[in-house]
Amino acid sequence: MTAQTAVSARPVRSRRSGPPSRPQRSRSDGHPLGLTSGLGLGVGVLWFSLLVLIPLAAIVVTASQGGWHAFWQAITNGETASAIELTAGAAALVTIVNVIMGTVIAWVLVRDRFFATRVLEFLIDIPFALPTIVAGLVLLSLYGPRSPVGWNIANTRTAVFVAFLFVTLPFVVRAVQPVLAEQDREAEEAAASLGAGRFTVFRRIIVPGLAPAIAAGGALSFARAVSEYGSLVLLSGNLPNRTEVTSVRIITFIEGDRLDNAAAVAVVLLLISLVVIVAVDLLQRSVVRRG
Amino acid sequence: MAEPSIIHKGRPRPGAARASKRSPGTYVLRVLVIAYLFFLVAWPVYLVGRNAFARGLTDLGAILSDPYTVYSLELTLWIAVASVAINTVFGVGISLLIVRFRFVGKRVLNALLDLPLSVSPVVVGLALVLVYGGRTGWFGPTVQRWGLTVIYDVPGMILATTFVSLPLVIREVIPVLQEVGDEQEQAARTIGANGLQTFFRVTLPAIRWGVSYGVVLCLARSLGEFGAVKVVSGNIYGETRTATLTVENEYLNFDKGGAYATAFLLTLVAVAALLVASLARNAPSRARSAPSRGRDVTEQPRQPEERR
Amino acid sequence: MAIQRSRTAVAAALALATTLALTACSKPGPAGGPGATDASTVGPPVTLNLVGYSVAEAANAAAAQEWAKTNEGSNVTFRTSYGASGDQSRAVLNGLAADVVHFSVESDITRLVPDLVDPRWNSGPTKGIISSSLVVFVVRPGNPKNIHGWDDLIKPGIGIVTPNPASSGSARWNALAAWGQVIAAGGTEDQAKDFVTKLYANAVALPASGRDATTAFLGGTGDVYLTYENEAILAKQSGEDLDWVYPDTTLLIENPAAVLKTADPKAQAYLNFVLTPAGQRAFALKGYRPVISGVDTSGIPGVPDPTNPFPTPKKLLTIANDFGGDWAALSKKFFDADTGIVVQIIAGTGKS
C-alpha cells in the first residue's frame, strides 16, 4: 500500500550508534490550531477533565477540607498508619527484589537466547494481562490453604509480599530489556580484551548504562505495588495492623461512607504516583542528556 | 512502523544477539530465572486451571448455565467494548492533536495523559464517587436531575473502566504517528483533500496497526478491571456485577469451584490477548523501519500496561 | 510468511473484538431470574431490587425461588446486592437502587426513615422482623481450645474474629450480647465495659461484614468466631468444616426488613410471602429461626441435631427485655461514631 511504502522509504533512525534519539517531529513541530482542530482539542480536554482531572482534583479538595490537621489525623490513625507502613515497606522490599531479579531476567532474555526464551517472555507478560482478582486466586492456589505442597502463606505479610512480587514482575524487566539490547558491546569487548573479568565488566560498564532504566522500572514497580488491591482481597486476609494494605483501607472507608478519610489516604497514594511520574520523567531526560 | 508498547519493549535486534560464551554462570542464571518464573507464575496459573477442572466440567458448566453469571460475562464485555470505543476515538483524536499540532500546554497534556496508569484503581473509584455520587457528589445531583444514574449503575462502571485504560491507545498511536510523519498528509492536502478525507484515507490507514494494537491492549485491560469497578458498582447481582466481581463473590459465598471456573475463563481471555499481541509484534513494517525500538525510557514515558 | 501471520493475528483480534462488540451491542438486560416465565395471568414482568446484609443472600434467594412458584411471585425477577449491613444502608441512602431492604439491625432501616422508608414500616404483626437467629461461637472442628462460654473468650491467647461494628450488623449483635450477658449475670455496667474491652483486646481481625468475617475465620484466622447461628449453619451446609458452641447466655438476633416508599407493590407482596409458613420454611432451611409459629423445621441440613435444629439456650436475652427495646438509644449509647461505648473501646485497642 502506498502509505506503507512511503513509511519504509523514510530514513531510519540509526540504531547502532549514538544515543536513542528523541521522537521525530514534523518539521515545524506542529501546525497551529485551526477551527476544527481547536474545537477537537477543546472537546478532548473537556472530556479528559470530566473523566480524569476533576475527579482526581476532587480527592485532593476533599482531603484538604478539614485543613492540614484533620488530614494528618486521618493518616496517622493507628490502623491507617500501619497500613501505609506495611504497603510502603513491602513495596520497597519488592522493588529491591525486582531490581535484582528483573535485571537478571532481562539479561537472560537478551544475552542468552535459548530454547525457553519465548516461554519466559510469555510468562513475564502474564501479570500484565491477568485481572488482579484472578491473580489473587492464582497465588492462592499454590500459596494458600489448599496448596498441593502445603505452602500456606495466606493471611500473612508474606502473602502481601508475594502478591506485590507477582503484579510488579514485568516492570523492571521490560524497562531494562530494550536498553540492554541496545547496548554497545564494543566497550565490553574492549574491557574484556584488556583483561577485565566478567563481573568487573558487568559492574563497571553494563550496570551504569542500565542504571536509569533499572531505576525507572523500579520506580514504576514501586508505584504499582503501592496501588495494588485485587490480588490481596482473597489472599492477605486484610487483618488490621498486620496484613491490611492502603488500598484496602481506602475501600473500607468508602464502603463506610467516610469519604473524607478515604480521600486523605488516597492523597498519600496520589503523591507517590506523582513522585514516581516525575522521577521517571527526570530519569528519561538524564539519559538523553548523557547521550 | 513504531514498535508498540511496553509488552514488547526490548526485542533484541535480529542477529544482534551473539551467543555469549557459555559459562557455568550462564546456566546458573538460566536456572534461577526459570525457577523464579516457575514458582511465581507458571505453576500457580496452571493450578487455577487444575482447580477449575477439579470436578470435571461441573464447575465450568454450572457457571456457564447460570443466567446471572452469563449476564455478568456479557456485562463485562459490554462495558469493555464501550470503554475501548470511547478511548479509541478520544485516543486517536488526542494523539493527532499532540503530534501534528502545536498549542499551549501540549507537554503538560502529554504528561497528564499518562496519569491514569499510575493511579490506584481504588482511588479511581473514589474519585468518580466524589464527583458523580448521586447525593453528595460535585456533579452528582445535577446528573441525577437529568435522569442519569452514574454511581451504582453501569454508566459509572464504564467511566471507571475508561479511566483506567485511557492511555493505552494513545501510547500506541503517538509513536506511530510520529514515525509516519505528515508528508503523506501534506501531499494529500496539496492535491485538494480536505481534513476528513485526509484523515480517513491517509492518516488512519497509516496508523492502523498502532490503533489495532492499542485496541487489543485496551480491551484486555478493560475486561480485567476490578478495584475501580468494585467501588462504583454497588455489586448488584444481575445488574452491575461484572466477571471479576463474580470471581470475588463466588469465592466468598462458599463456591470456590465457581470462583476458579470463572477465574479460568478470565485467564483464558488474558492469555488469548497476550498471544495475539505477541504474534502481532512481529509486524513487518516495524521490522523494516526500526528493528528494535530501543526507545526504552528515554522517549515518552512508557509505563507498562497494568492489570488491577 | 511473517507478514501474513502478524497481520492475520491483529486482524483476528479486531474481528473477535467486533464480533464481541456486536453480540454485546445492546446493553444486556437483567438476567431472567427463576420464574420469569408465563406472565399471561399475572401481568407484566416486574423487577425488584433487594438490598440486604451480607449473610442473607442464600435465604432470600431460596425464599424468592419458593415465591416464584406461586402466582403472585411468578412474574418477578430480583436484582440483589449484599454487603455489610451498615454499608448497604448508607449505600441506599446514597442512591443504590432498592425496593426491598433486609438489614441486620433496626438502626440500618431507621436510617432510611422518613426519606426513603415510611415511618410505619414496623407496624406489622412481627414489628418488621422477618428473620431471627442467635449469637453463637464458631470454633475449629473438635473445639481444640475448649471454648464453651463467654469467659473462655477473654482468656489470654485466644484469638477472636468478630466484624467491625462501624459497618457490620453482626458485629453489633455480638457486642450487645457480650455486654448483655454480664448484666444478666448481675454485673454492673463497668464490669460489662471491662469484659467487652477484654473481648476486643483479643480480637485478631475486625472484618467489614459478617460474611467477610466468616471467610477470614475459615481461611485460618483466629480460634473462635462470633456470628449468627444461621451463618454457621449455612457454612456447614456448604461443606465447610466447623463446629459451633451455644453459650449459656446469648442474644436473640432479629433482622428487620422494609419496602421503600417508591417500590413496586410486589415488594410488599414479597415480604408478606416471607412471613408465611412457606417463606419462613425457606429461610429455616438456610439456618434462620422462624419468626412466626407453625413453621416446619424438619430436615434442615447442617444442624448438629436435625430433630432439634434450633436448641433453646439456657438464658436468652432480647433487645426488648434486656436492652430497653429502643434501638435508636442503643445505637447512640454503644455505636455512636464519636461517643459510642463500643466504638471507644475498639479505638482504644488501636484496631478500628
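**Chat on helix packing and cores**

Me: Let's begin with H13 of chain C. Which residues sit on the face turned away from its buried side?
Reply: This is a predicted model. On that face H13(C) carries C:Ala328 and C:Lys332, both exposed.

Me: And which residues of that helix are buried?
Reply: H13 of chain C runs over residues 327-335, and C:Trp327, C:Leu330, C:Ser331, C:Phe334 and C:Phe335 are buried there. Looking down the axis of H13(C), those buried residues fall within an arc of 100°, so they line one face of the helix.

Me: What do they pack against?
Reply: Four helices of chain C: H4 (106-110), H6 (169-184), H12 (319-322) and H14 (341-349).

Me: Switching to cores. Which residues touch the most other members in the largest nonpolar one?
Reply: That core has 201 residues, and the ones touching the most other members are A:Ile59, A:Ile105, A:Ile250, B:Leu126 and C:Val101. A:Ile59 touches residues including A:Ala263, A:Leu270, B:Val123 and B:Leu130.

Me: Now chain A. At roughly what angle do the axes of H4 and H11 cross?
Reply: Roughly 145°, with the axes coming within 8 Å. The contact is made by residues including A:Ile84 and A:Thr87 of H4(A) and A:Arg249 and A:Phe253 of H11(A).

Me: How many nonpolar, polar and charged residues are in that contact?
Reply: The contact of H4(A) with H11(A) has 3 nonpolar, 3 polar and 2 charged.

Note on methods:
Residues numbered from 1 in each chain as written. Chains lettered and ligands numbered in written order. Predicted model: local features only at pLDDT ≥ 70, side-chain atom pairs only at ≥ 80, totals over all residues. Heavy atoms only, no water. Core = buried A, V, L, I, M, F, W, Y, C linked by side-chain atoms within 4.5 Å. Buried < 20%, exposed > 50% of the residue type's maximum accessible area, 1.4 Å probe, protein only. Contact = heavy atoms within 4.5 Å. Helix = DSSP H or I, 4+ residues; strand = E, 2+ residues; numbered from the N terminus. Arc of directions from axis to C-beta. Axes fitted to C-alpha atoms, helices over the stretch in contact; angles between N-to-C directions. Nonpolar A, V, L, I, M, F, W, Y, C, P; charged D, E, K, R; others polar. Lists of a residue's contacts leave out its neighbours within four places in sequence.
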